[in-house]
Amino acid sequence: MSPRLNDWSIALATGIAFMTGVVSLITGHPQEWLIFVLHAIGGFWLLLLMWGKVRRVWPRFVHFRRWDRRTIFGLLALFLVTMTLGSGIWWVTDGDVSVAGFNLLNWHILLGFVVTAAIVFHMLVRAKRLRKRDIVGRRRIIQFSAFLIGGVALWPGEQLTQRILNLPGAKQRFTGSREVGSYSGNAFPTSSWVADHPRPIDVQTWRLTLGGAVTTPREFSYHELVSRTDELEATLDCTGGFYSIQRWRGIRVGRLLDHVVLDRDARYLSFVSVTSYRWSLPLEEARNALLATYSGEESLSHEHGFPLRLVAPDRRGFEWVKWITRVEVLTTPDPGQVLSIFTSSLTDA
């Protein structure tokens with residue numbers, strides 16, 4: 001392809017990979033599997049386009065006398081893109097490595113943000129407008145289509161290869177997460193968004209408050225809730241790269257709401273942690289969620305959210321709020337919940 005079309009195609013492929021990657025972090029419903037497929041296709045397309053880019057600039061790389069500041073930045077960009085694509089491919093083929101406390105998937109996500117920011121900056125500073133001759137003509141269309149179709153074809157090829165060779169990566173969930181510790185009580189991995197790590201909670205003084213858009217707020221002790229025997233089998237799919245299927249026990253949120261009268265305008269339920277971290281669900285979806293006190297036959301451990309955690313099927317793990325102390329009925333969405341991701345670790349708890 002022409003240099004300009006190649007560069008703009010790289011920007012487009014990066015944009016697709018970035019946007020679908022961000023969306024994939026907050027979706028876990030099986031019906032949304034296409035988001036993850038598009039993310040993979042965007043990555044493979046970028047891989048093919050980078051090959052064309054490298055072929056064009058390679059002579060400048062191998063002749064040191066021709067190096068300048070642009071060459072240094074180009075090599076750095078090539079390194080970052082290679083690490084981003086390489087870490088993603090390595091992860092889906094069941095590879096892993098931990099560096100500075102972050103696993104391979106964490107590094108892939110972090111590098112994805114860095115690469116996208118670098119490409120956006122580069123396009124703003126140095127991008128040249130596409131000319132008619134860059135995109136018009138049979139040859140240009142064939143070249144562009146060949147790279148795009150190649151990116152599309154590589155995804156099913158990779159999937160088929162893993163299944164034929166029975167590679168470990170073939171057992172990953174559609175989100176790319178790996179199964180760990182299913183049906184094992186508390187023996188599955190623990191994780192908290194950012195760095196939430198509250199002190200242990202005393203159930204003798206702990207109370208669950210149900211308030212907000214209700215006529216009369218209510219409080220519940222742990223012993224009132226732990227006697228409930230509602231069960232729900234659900235998959236906890238963490239953005240950190242693992243999933244675990246457990247049989248959870250506790251009280252259905254719908255049954256909890258039966259103890260109060262909701263305002264006519266009630267639309268959402270917000271689940272608030274002792275750390276002030278919170279997440280909300282639409283009211284009808286929330287009714288079918290579970291406030292869990294048990295995982296399997298074991299009372300929740302502190303690390304898994306004792307005394308109470310949210311179990312929200314088809315939601316990603318960071319939305320399964322732990323150490324819940326309050327349920328708020330809302331009439332409007334809660335935009336502040338996103339901010340709570342970054343501030344909850346700074347609270348006294």
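**Reading strands and helices**

Guide: Tyr 294 stands opposite Ser 299 in β9. This is a predicted model, in which local features need pLDDT of at least 70 and side-chain atom pairs count only at pLDDT 80 or more, while totals for chains, interfaces and linings use all residues. Residues are numbered from 1 along each chain as its sequence is written, and side-chain values use heavy atoms, with hydrogens and water left out.

Visitor: How many helices and strands are there in the protein chain?

Guide: Helices (H or I, at least four residues) and strands (E, at least two) are DSSP runs, numbered from the N terminus. The protein chain holds 10 helices and 11 strands.

Visitor: Which strand is joined to β8 by 2 bridges?

Guide: Two strands pair if DSSP finds at least two bridges between them. Here, strand β9 (residues 298-299) is joined to β8 by 2 bridges, and the two run antiparallel. β8 and β9 form a hairpin with 2 residues between them, and Gly 296 in the turn has a positive phi of about 65°.

Visitor: Where else does β8 find partners?

Guide: Strand β5 (residues 242-252) runs antiparallel to β8, with 5 bridges joining them; Gly 250 has Ala 292 in β8 as its bridge partner. β8 also pairs with strand β10 (residues 309-311) in the antiparallel sense, over 3 bridges. In that pairing, Leu 290 stands opposite Val 311 in β10.

Visitor: Is strand β8 mostly covered or mostly uncovered?

Guide: A residue is buried under 20% relative accessible area, exposed over 50%, and partly exposed in between (1.4 Å probe, protein chains only). Strand β8 (residues 290-295) is mostly covered, with 6 of its 6 residues buried. Of the 349 residues of the protein chain, 43% count as buried.

Visitor: How do helices α1 and α2 pack?

Guide: Axes are lines fitted to C-alpha atoms, for helices over the stretch in contact, and angles run from 0 to 180 degrees between N-to-C directions. Helix α1 (residues 3-24) and helix α2 (residues 33-62) pack at an angle of about 155°, their axes being 8 Å apart. Angles under 35 degrees count as roughly parallel, over 145 as roughly antiparallel, 65 to 115 as roughly perpendicular and the rest as oblique. Therefore α1 and α2 are roughly antiparallel to each other.
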